[in-house]
Every structure is written in C-alpha cells, then in structure tokens.
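Here is a short note for a colleague who is new to this structure. Please read the points in order.

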Amino acid sequence: MTTFYFIRHGKTELNLSLRFQGGDIDSPLLPIGVEQAIQAGRYLCDLSFDAAYVSTQKRAMDTANYILKENNFLDDLTVHYQDSLREIRFGKREGAEIDHTDEQTNYLRQRPDLYDPKVFGGETIDALVQRSTETIEKISKEYPDGKVLIVAHGVLLITLINSLTGKEKSRWREGGPLANTSISILEKEQNTDYYTIKSFNDISYQSQNEEA
C-alpha cells in the first residue's frame with residue numbers, strides 16, 4: 001500500500017491579496033506561510049518518508065524545504081521536483097485580482113465540469129488532472145509499500161484528490177478550498193484503482209494564534 005501525504009504550500013503574498021496565482025507565477029511565502037510549513041514539518045517529523053515529490057514552483061519548493069528541515073529521517077530521502085505538479089495555469093489572468101462575480105471563476109470553484117478557460121488562455125481542468133494523475137500513478141508503482149510526501153498547490157490538489165477517489169468531474173472541487181499547509185492523506189492498495197482518504201484538509205496541528 002502506498003500512503004500519500006498531500007500538502008498545499010504555505011500562505012503567500014498573492015494569497016493574501018486575493019489574486020490568481022497559477023502555474024506561471026509565484027510570490028514569496030509570507031512569514032505566516034513559513035511558520036505554517038515549519039509547524040507541518042514538526043507535526044510530521046517522526047514519519048520516515050520514502051520519497052518526496054514537489055512542484056517546481058518556488059512557493060512549493062520553499063514549503064517543502066521548511067517541512068523537511070524538521071524531519072528526523074532525512075539521510076536516505078530522495079526529493080524529486082516535478083513540473084507536472086505545478087498549479088493550474090490561468091493564462092492572462094495570472095496575478096490579476098480575483099473577480100468573484102465572474103462566471104468562469106465560479107465554474108472553477110463550484111462546477112469544474114463547466115469551466116472553460118480558453119478566452120484567457122488558461123489550462124483546462126482535464127489537462128491538470130491528467131498530468132497530475134499520471135505522476136501519482138507512476139509514484140504508486142515505484143513505491144508500492146512506501147510513504148510519499150507531495151507538496152503542491154490548492155486547485156491541483158483538491159481536483160486531484162477528488163478525481164482519485166472516484167468523484168464525478170462536477171464534484172472535483174468539493175471540500176475546497178484546501179487550507180495552506182493542510183495535510184490530506186490518501187492510501188492506495190496495489191493492483192487496484194482505489195484510493196482511500198484517511199485524513200482531509202487537516203490543519204489541527206497549527207497553533208491558534210496565527211496572524212493573517
């Protein structure tokens with residue numbers, strides 16, 4: 001059985017300013033985002049991961065670094081950086097302020113089966129799920145009895161998790177958005193197509209005195 005620990009990156013400047021932050025843009029982690037990642041690392045410090053797979057975007061790589069610095073079992077850990085784990089691309093909307101009245105924005109959040117980003121040159125939900133699923137399936141074959149850390153992004157992770165657990169496309173954003181540095185744990189039995197959620201969007205480890 002492969003156990004995946006999916007973690008969203010820490011809070012960034014663009015998260016705070018409510019702007020589109022997709023696969024072609026980055027902004028630094030806020031101090032609270034760094035603290036979130038450190039707390040996640042301390043929470044998971046006694047887990048011996050067989051591998052870590054991280055998006056090639058800086059906010060995810062920085063989050064992974066802070067998490068892994070707290071881990072007690074790093075000697076043989078291999079960290080892989082994967083373009084396929086980058087966030088969904090928003091095209092011309094990258095960095096723009098989010099318009100909550102926009103039809104496509106609402107489709108992305110509530111009815112991903114109706115989301116059509118071609119007007120602004122964005123990536124489709126199907127493309128996002130295909131590239132991320134192929135990566136997860138490959139990892140599960142390479143580590144059939146392993147514990148694997150995945151550090152990536154909010155839209156990618158919620159759609160990926162819902163897809164892997166068999167939900168229809170219209171429900172791929174169900175349960176979102178994922179909190180920054182939330183931990184979702186999925187298990188996959190080998191020789192099956194089934195993924196089971198053991199923990200979802202967990203931030204119970206975070207201290208209660210965090211600042212926005």
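Which element gives the largest share of the lining of the largest pocket? Point 2 has the answer.

1. Basis. This is a predicted model, where local features need pLDDT of at least 70, side-chain atom pairs count only at pLDDT 80 or more, and totals for chains, interfaces and linings use all residues. Residues are numbered from 1 along each chain as its sequence is written, and side-chain values use heavy atoms, with hydrogens and water left out. Helices (H or I, at least four residues) and strands (E, at least two) are DSSP runs, numbered from the N terminus.

2. The largest pocket. H4 gives the largest share of its lining, three residues. The volume of the largest pocket is about 520 Å³. A pocket here is an open set of points on a 1 Å grid over the protein atoms alone, where a 1.4 Å probe fits, with protein on both sides within 12 Å along at least five of seven lines; lining residues have an atom within 4 Å of a point. A volume is the space filled by probe spheres set on the points, which are joined across faces, edges and corners.

3. Its lining. The largest pocket is lined by 21 residues, and Arg8, Ile98, Arg109, Val155 and Pro177 lie nearest its centre. H1, helix H4 (103-110) and H6 each give two or more residues. By class, the lining has nine nonpolar, six polar and six charged residues. Ala, Val, Leu, Ile, Met, Phe, Trp, Tyr, Cys and Pro count as nonpolar, Asp, Glu, Lys and Arg as charged, and the others, Gly among them, as polar.

4. A cis bond. Proline 177 also deserves a look at its backbone. The peptide bond from glycine 176 to proline 177 is cis, with omega near 0°. Proline 177 sits in the loop between helix H6 (154-164) and strand E5 (183-188).

5. Positive phi. Leucine 18 is not a glycine, yet its phi is positive, about 60°. Leucine 18 lies in the loop between helix H1 (13-16) and helix H2 (31-43). Its relative accessible area is 49%, so leucine 18 is partly exposed (between buried, under 20%, and exposed, over 50%, with a 1.4 Å probe and protein chains only). Asparagine 201 also has a positive phi, near 55°. Asparagine 201 belongs to strand E6 (residues 195-202). At 22% relative accessibility, asparagine 201 is partly exposed.
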